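Subject: Structure handover

Hello,

Here is the structure you will be working with. Please open it first, then read the notes below with the view beside you.

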Amino acid sequence: MRVSSYKISPRCTFEWDSFSGDDQSVICAVPGGEAVVLSGSGAIIWLELSEKFQSTDEITSAVASYFEIDPSTIQAAVMQTLQALHSHDLLEGLTIS
Amino acid sequence: MTHGMMSVLARENGVDLLHIKGHAAPEDFYREGRPSSDADVLVRPHQASEFVRVLNNNGWKTVTSFNSGSIFQHAAALWHKTWGYVDVHRSFPGFSIPDEIAFEALWSSRNSKTIANQPCYVPDRLDHALIILVHSSRDPSRGRTDADFVINALSKNLTNLNQRVQEFGAHTPYAIATAQTGGVESVKENSDYRLWSALAHGDDRLELLKGRLEAADGLLAKAKVLLGSFIVNRDHLEMRLERSPKLQDYVAEMLARTSETLRSFTHQKSDK
């Protein structure tokens, strides 16, 4: 079975922060879990996530569109990030067999 | 973030919880840049102890308990290594109606505010103003500024606010917070006036004790206040010493309190 779609967990609290310049970062956590700080491309991935399930292809395309690059070049990296966020219980995943 | 965490944990454990003051308050109730480090929540009274246990199970450590936190025994302070402090209130000092009735009155007219991506229940605008004003009356450092700001924000709704003061029995702290000349005169005969006045002015331990004795209803309540004033608060002593207190610490603290009280009493007598 593999996870085909992700959405932000209803247990997840997060806040955006702006440092000097254009870089934004977001801090995410669930009660009892560790805080995760995303910046740069990680923050862009978070920006494209929502409280509705989106397929990994949809998320990858959205992020690629933001950077104006081919989705295939970032697919592996996006998948890795989504899996890491899922392992921290920040995301809920929809699995298919 | 702490407010968001509280919201998730309350929801998952069926706890009725209101987020109050600081970041939970309407944006125009505080001056820009005013710092707010703690998160304050008000929990339905009979659920408060259970909610503290929920927090303990999620990484929050109890620093002061409900009974040791303040003279009103109204809140427990908890600390999380990542998220900082949260004050869990089971009652609100200044409301003289029963705690469960006060909470239900706030809960029945609650609003919702999104904080850290979580829907957080908050008192409605008028009730939130009342909470901040009543709290400001016992904050000698920032109380005056906070009260003026809220009154200014509510300038067209003061009649309704006065009605809410009546409903919650918050006459004395409200009059002191708003420092209206007529208002203060009307509460000077109230049994709790000396207490709230002492809090507002940051008066010494003896004046605070006298205020608490006057406010206590009945001989038993007064006796409890008197006895409690000489029992050293372990949690506060530990915070001050930054280590677990030893026997000699308790003895030193007790002697210091007795000495200070006698000194204040002697000083007052010699002034007469």
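**A patch on chain A**

Start with A:Ile69, which sits in the loop between helix 2 (56-67) and helix 3 (71-87) of chain A. Keep in mind that this is a predicted model. A:Ile69 has a relative accessible area of 37%, so it counts as partly exposed. It belongs to a nonpolar surface patch of about 470 Å².

**Where the chains meet**

Now turn to chain A and chain B. The contact takes 15 residues from chain A and 14 residues from chain B. Together the two chains bury about 1,100 Å². Carbon and sulfur atoms give 56% of that area. Three residues stand out on chain A: A:Arg11, A:Thr13 and A:Pro31. They supply 41% of the area that chain A buries against chain B, more than any other three residues.

How many salt bridges cross this interface? The rule finds one. It joins A:Arg11 to B:Glu12, with the closest N and O atoms 2.4 Å apart.

**Salt bridges in chain B**

Over all chains, the structure has 15 salt bridges. Look at B:Asp16 and B:Arg44, whose closest N and O atoms are 2.7 Å apart. This pair links distant parts of the chain, 28 residues apart. B:Asp16 lies in the loop between helix 1 (2-12) and strand 1 (17-20) of chain B. B:Arg44 lies in the loop between strand 2 (39-43) and helix 2 (48-56) of chain B.

Are these two buried or exposed? B:Asp16 is at 19% relative accessible area, so it is buried. B:Arg44 is buried too, at 11%. Both also belong to a network of salt bridges with B:Glu104.

Next, find B:Glu50 and B:Arg53, which meet in a salt bridge (3.1 Å, N to O). They are three residues apart in helix 2 of chain B, so about one helical turn separates them. B:Glu50 is partly exposed at 38% relative accessibility. B:Arg53 is partly exposed at 45%.

Last, check B:Arg243 and B:Asp249, a salt bridge at 2.8 Å between the closest N and O atoms. B:Arg243 is partly exposed at 35% relative accessibility, whereas B:Asp249 is buried at 13%.

Best wishes

Notes:
Residues numbered from 1 in each chain as written. Chains lettered and ligands numbered in written order. Predicted model: local features only at pLDDT ≥ 70, side-chain atom pairs only at ≥ 80, totals over all residues. Heavy atoms only, no water. Patch = residues over 30% accessible without salt bridge, like charges linked within 9 Å, V, L, I, M, F, W, Y side chains within 5 Å. Areas by Shrake-Rupley, 256 points an atom, 1.4 Å probe, with all protein chains shown as cover. Salt bridge = Lys/Arg side-chain N within 4 Å of Asp/Glu carboxyl O. Helix = DSSP H or I, 4+ residues; strand = E, 2+ residues; numbered from the N terminus. Buried < 20%, exposed > 50% of the residue type's maximum accessible area, 1.4 Å probe, protein only. Contact = heavy atoms within 4.5 Å. Buried area = accessible area lost by both parts, 1.4 Å probe.
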